[in-house]
Amino acid sequence: MTSHDLDVILLTGSGVLILAVLAVRLSVGVGLPSLLMYLGLGILIGYDGAGVQFADADIALVLGLSALILILAEGGLTTNWSTMRPALGLGVLLATVGTTISVGIVAAGAHYLFGLDWQLAVLIAAVLSPTDAAAVFSVLRSVPLKSRVSGVLETESGLNDAPIVVLVTAISVGEIADYGVAGFLALVVFELVVGALLGLLVGGGGARLLRRAALPAAGLYPLVVFAFTVLAYASAALIHASGFAAVYVAAVVLGNTELPHRSATRSFVEGIGWLAQIGLFVMLGLLVHPSDIELWHIGAGVGIGALLTFVARPASVAACAAWFRVGWREQLFIGWAGLRGAVPIVLATIPLANGVTQSIDLFNMTFVAVVVYTIIQAAPLGRLARWCRVESDRGRDVEIDAAPLERISADLLQIHVPPTSRLAGVEVGELRLPRGASVTMVVRDDSTLVPHRTTRIRVGDELLIVTTRELRESVERRLRAVARHGRLAGWDLDPRAGQGS
């Protein structure tokens, strides 16, 4: 590669990135997921558009899996454990048993209704069945849902890639017959369990280390946190466990630990997640050649997608939800919100890279199904959430960031008061923070003031609170309690509290 080649790549890449970022705003305006914009951008500059040729399935697979690692890490780091925990059982069941049911139904339909041979039928059922983490997390940002519903969707999309990657890879390299049904199930269980345990170990160890270490620059914290999630993936993949399970579990652990500069870390990983999505979808758009998509690809893709969306997915949700108290409205929404995005297209590159017979047909059918049903499912999600009564009025929490003050073994907390938080209207003295914690400054309307006990907190305020390190968790619990329940929250607390402000 010459310096001129590098200049051309940088020029093209920066231009595509700027257009892709602007496409986010456009996609929000028209109510469609941004991934469609990115795919379209890739197609426009690809073989049938501007003429950029990209047909290396091996590189596409490596880059695709790398992007999925970053997307899962971002999803885990921004997942709220208190929201996820009550829904963990159903989410895990959907990611395993539910995915298996979907694969079985779609594979049978693809074989008997659409005439595909069994290998191709099972492959297309497998690549289409998992929900896409990027698409689901994107929906959760724009549609506030009840904690159980959002927890189920987050857990399922974060974990269901792992068993499917094992299945698609085993079929593509011809190893599925070597395992047998029992052997394959044992392999999946091994990969998931060991991967999750490694993720828990790496995430817990990383959190413990970061809580004890004081890094010299705030910008280093997001880098190290992200590095730990990638370390979890690599450690699991090295021993042939599930790297996807490992990276997601490690990210959830790190994201729910009270680490320094948590807001900065969240912003950083969201930016990395967006960058991974943009690069992934544009690359997949380059890989698609619309001129090669035949009429039967469109018919089979739409038909098999319909079978998955209207039969297999609702059946799998109903079968798994039967073990939990989940109303039919919630089941309907969870079934409909199981969006497909980049994951199926990336999975379709596995047989493409391994030279499986009809893998190009598989890729084209998968592309058609993803595009069509992403549009169909995503457009009415907001209205469907209201009709199914799964919308949430969340927003009463507070955003808390922390910076370590090592010389005095204390932390400086920065609290943002959002519009629906019940902190608004509460006097500083009514916070009743523990002794050793104090509200030292309020930033309001671009000016600062030193508060008194009677200073009333307003929407949009930024509170700066200094607390000793051993009291930090108690202070954060108290702030969140008042933010959710108002000034009377915990009115019967220890009378020794409340003197710090």
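Helix α11 is followed by His240, whose phi is positive, near 65°. The model is predicted.

**Helix α11**
- Helix α11 runs over residues 220-238 and has 19 residues.
- At 1.5 Å a residue, α11 should span 27 Å, and its end C-alpha atoms lie 26 Å apart, which agrees.
- Buried residues of α11 are Tyr221, Pro222, Val225, Phe226, Phe228, Thr229, Ala232, Tyr233 and Ala236.
- These residues cover an arc of only 145° around the axis, so they sit on the same side of α11.

**α9 against α16**
- Helix α9 (residues 161-172) packs with helix α16 (residues 342-353) at an angle of about 25°.
- Their axes are 8 Å apart.
- Angles under 35 degrees count as roughly parallel, so α9 is roughly parallel to α16.
- The crossing of α9 past α16 is right-handed.
- On the α9 side, contact is made by Asp161, Ile164, Val165, Val168, Thr169 and Ser172.
- On the α16 side, Val343, Leu347, Ile350 and Pro351 make the contact.

**α16 against α17**
- The axes of α16 and helix α17 (residues 359-378) come within 9 Å.
- They cross at roughly 175°.
- Angles over 145 degrees count as roughly antiparallel, so α16 is roughly antiparallel to α17.
- From α16, the residues that meet α17 are Pro344, Ile345, Ala348, Thr349, Pro351 and Leu352.
- Their partners in α17 are Ser359, Ile360, Leu362, Phe363, Thr366, Phe367 and Val370.
- Pro351 of α16 contacts α9 and also meets α17.

Note on methods: Residues are numbered from 1 along each chain as its sequence is written. This is a predicted model: local features need pLDDT of at least 70, side-chain atom pairs count only at pLDDT 80 or more; totals for chains, interfaces and linings use all residues. Side-chain values use heavy atoms; hydrogens and water are left out. Helices (H or I, at least four residues) and strands (E, at least two) are DSSP runs, numbered from the N terminus. The expected span of a helix is 1.5 Å times one less than its number of residues. Buried means under 20% relative accessible area, exposed over 50%, partly exposed in between (1.4 Å probe, protein chains only). The arc is that of the directions from the helix axis to the C-beta atoms. Axes are lines fitted to C-alpha atoms, for helices over the stretch in contact, and angles run from 0 to 180 degrees between N-to-C directions. Angles under 35 degrees count as roughly parallel, over 145 as roughly antiparallel, 65 to 115 as roughly perpendicular and the rest as oblique. A crossing is left-handed if the near helix is turned anticlockwise from the far one by less than a right angle, and right-handed if clockwise. Contact means heavy atoms within 4.5 Å.
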